[in-house]
Amino acid sequence: MNHFFKVKSLSQVMALLPQFSPVGVERVPLFEAGSRVLAQKIHAHHDIPGFRRSTMDGYAVASGSTFGASEANPAWLTIVGSIAMGDVPTFAVGPGEAARISTGGMFPKGADSVVMVEHTDPIDETTVEVYKSVAPLQHVVEKDEDFKKGQEILRAGTVIRPQESGLAASLGLSELSVYRRPKVGIISTGDEIVPITETPVPGKIRDINSYTLAGLIWEAGAEPVPMGIVKDNETALFEACKNALQKTDMVLISGGSSVGVRDFTVDVLSSLDATEILVHGISISPGKPTILARSGGAPSISGENAFYKPIWGLPGHVVSAMVVFQVVVLPFLKRLCGEVSNTSSGVRIPARLTRNVPSAQGRTDFIRVKLVKDDETDGVLASPVLGKSGLIRTMVMADGLLEISENVEGVEKGEKVHIIPMMRAL
């Protein structure tokens, strides 16, 4: 028990991130690559879009032919052809000439800009009046304006959003190398926990944490694996952890991390093969008794090279477990997913606090807040959602977390703060 409550700061815990590595790599069809994490660099093997194209319906012209054109003194141009989407023009446009062109159409030789159709008036089949001059390259996309041939356009660790999928499609990439989705085992512990299909008698509660944690894991881009409910029995917990390590890449143990006669998590983790406790206690609230261990040198579940598997002991109260996941566990899971940006700093939402919030020095506090629009300033107001760590309604009502650092004695009403948004909250 010599690991017990050697409390670390949040920054000390985040410094342990480099001890863990992404899981293995697989190739998937581009249609299935959305929200996965790219495991390869991608270079443009040709210019994109690859040809000079129009961004407007109108007339492709040599810009000099329109200089000085106005409604009072229009330029008369000779129409020498038409270009539809997908056509390759076989003619050139010279001074005093124009060619009808559609949005996305390929430019003919000699043309360097487009006069919008709204600024023209056709006289007959071969003549058009132009009422507004255009500058060189106006309403034009150059052949390498998106990306140049040979340019690195996506790096490993990039989350594949719809726009990255579109970019890969523009290069003809039907498959991508991505990091495998980590599998995360969830173990709920406690004699008081019963399956959600049972009606709990007094003193018992349904297994909420397995489902809240599973939802958070899915949103993080990983796959939750329910490992069942384990009663307060050291042997049973040992077997459950051993089984979870064989089947998953990360293990979450909900409950059993605090002081108590029946809290066996520290002893169990210490007795697992090649497992070392890195953290037992973090100076945060809620979530102080959180445990982090690593199972060393174990091969990943799909047989890739050996890597350390994180094992977390989370508080049993639902709010504490969710907050700890959001601010502590998530960066480690993102690292296993292969993401480049895997710290908890992220984007924060500026807001004004609606009431005073006290805080104790020496720990980092995370306060649930509701975000609402401030009609007076057109900004955002953050209203603390008060309640104990066993009340899930406080998380249902919350949109984000206010972080109060360990060296601050509370935050005053009206003060500008920066809110950590809940996953998928906004």
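Reader: Which residue forms a salt bridge with Arg100?
Author: Glu125 does, with the closest N and O atoms 4.0 Å apart. Glu125 lies in the loop between strand S8 (120-124) and strand S9 (127-130) and Arg100 in strand S6 (residues 97-101), so the pair ties together parts 25 residues apart in sequence. Keep in mind that this is a predicted model.

Reader: Glu125, buried or exposed?
Author: Glu125 is exposed, with a relative accessible area of 64%. Arg100 is partly exposed at 27%.

Reader: How many salt bridges does the structure hold?
Author: There are 14 salt bridges. One of them joins the side chains of Arg52 and Glu142, at 2.6 Å from N to O. Arg52 is in the loop between strand S2 (42-43) and strand S3 (53-54), and Glu142 in the loop between strand S10 (140-141) and strand S11 (152-154), so this pair ties together parts that are 90 residues apart in sequence.

Reader: What about the accessibility of Arg52 and Glu142?
Author: Arg52 has a relative accessible area of 26% and is partly exposed. Glu142 also counts as partly exposed, at 24%.

Reader: And which residue does Lys370 meet in a salt bridge?
Author: Lys370 meets Asp399, with 3.7 Å from N to O. The two sit in distant parts of the chain, 29 residues apart: Lys370 in strand S23 (residues 364-374), and Asp399 in the loop between helix H7 (393-397) and strand S25 (400-404). Asp399 counts as buried at 11% relative accessibility, while Lys370 counts as partly exposed at 36%.

Reader: Changing topic. What is the end-to-end C-alpha distance of helix H6?
Author: The end C-alpha atoms of H6 (residues 318-337) are only 24 Å apart. A straight helix of 20 residues would reach 28 Å at 1.5 Å a residue, so H6 falls short of that.

Reader: Where does H6 bend?
Author: At Val329, by about 55°. A proline, Pro331, follows within four residues.

Reader: Is H6 mostly covered or mostly open, and what comes just after?
Author: H6 is mostly covered, with 19 of its 20 residues buried. Just after H6, Gly338 takes a positive phi of about 100°.

Reader: What does the side chain of Glu339 contact?
Author: Glu339 makes a polar contact of 3.0 Å with the side chain of Lys334. Glu339 is in the loop between H6 and strand S22 (349-353). With a relative accessible area of 14%, Glu339 is buried.

Reader: How many aromatic pairs are there?
Author: The count comes to two aromatic pairs. The rings of Phe20 and Phe332 have centres 5.8 Å apart and planes at 75°, so that pair is edge-to-face. Phe20 lies in the loop between helix H1 (10-14) and strand S1 (25-29) and Phe332 in helix H6, so the pair ties together parts that are 312 residues apart in sequence. Phe20 counts as buried at 0% relative accessibility, and Phe332 counts as buried at 0%.

Reader: What about Trp312 and Phe332?
Author: Their ring centres are 5.1 Å apart and the planes are at 75°, so the pair is edge-to-face. Trp312 is in strand S21 (residues 309-314) and Phe332 in helix H6, 20 residues apart. Trp312 is buried, with a relative accessible area of 0%. Phe20, Trp312 and Phe332 form one aromatic cluster.

Reader: Which residue lies over the face of Tyr308?
Author: Arg294, at 4.1 Å from the ring centre.

Reader: Backbone next. Where are there cis peptide bonds?
Author: One joins Ile48 and Pro49, with omega about 10°. Pro49 is in the loop between S2 and S3. Another joins Ser285 and Pro286, with omega about 0°. Pro286 is in the loop between strand S19 (284-285) and strand S20 (291-295).

Reader: And what is the phi of His139, and of Ala274?
Author: Phi of His139 is near 60°, a positive value in a residue other than glycine. His139 is in the loop between S9 and S10, and is buried at 19% relative accessible area. Ala274 has a positive phi of about 50°, although not a glycine. Ala274 sits in the loop between helix H5 (265-271) and strand S18 (275-280), and counts as exposed at 54% relative accessibility.

Conventions:
Residues numbered from 1 in each chain as written. Predicted model: local features only at pLDDT ≥ 70, side-chain atom pairs only at ≥ 80, totals over all residues. Heavy atoms only, no water. Buried < 20%, exposed > 50% of the residue type's maximum accessible area, 1.4 Å probe, protein only. Bend = angle between axes of the 7 residues up to and from the residue. Phe/Tyr/Trp six-rings, centres within 6.5 Å; stacked < 30°, edge-to-face > 60°. Lys NZ or Arg CZ within 6 Å of the ring centre and 35° of its normal. Polar contact = N/O pair within 3.5 Å; in protein donor to acceptor, adjacent residues only side chain to side chain.
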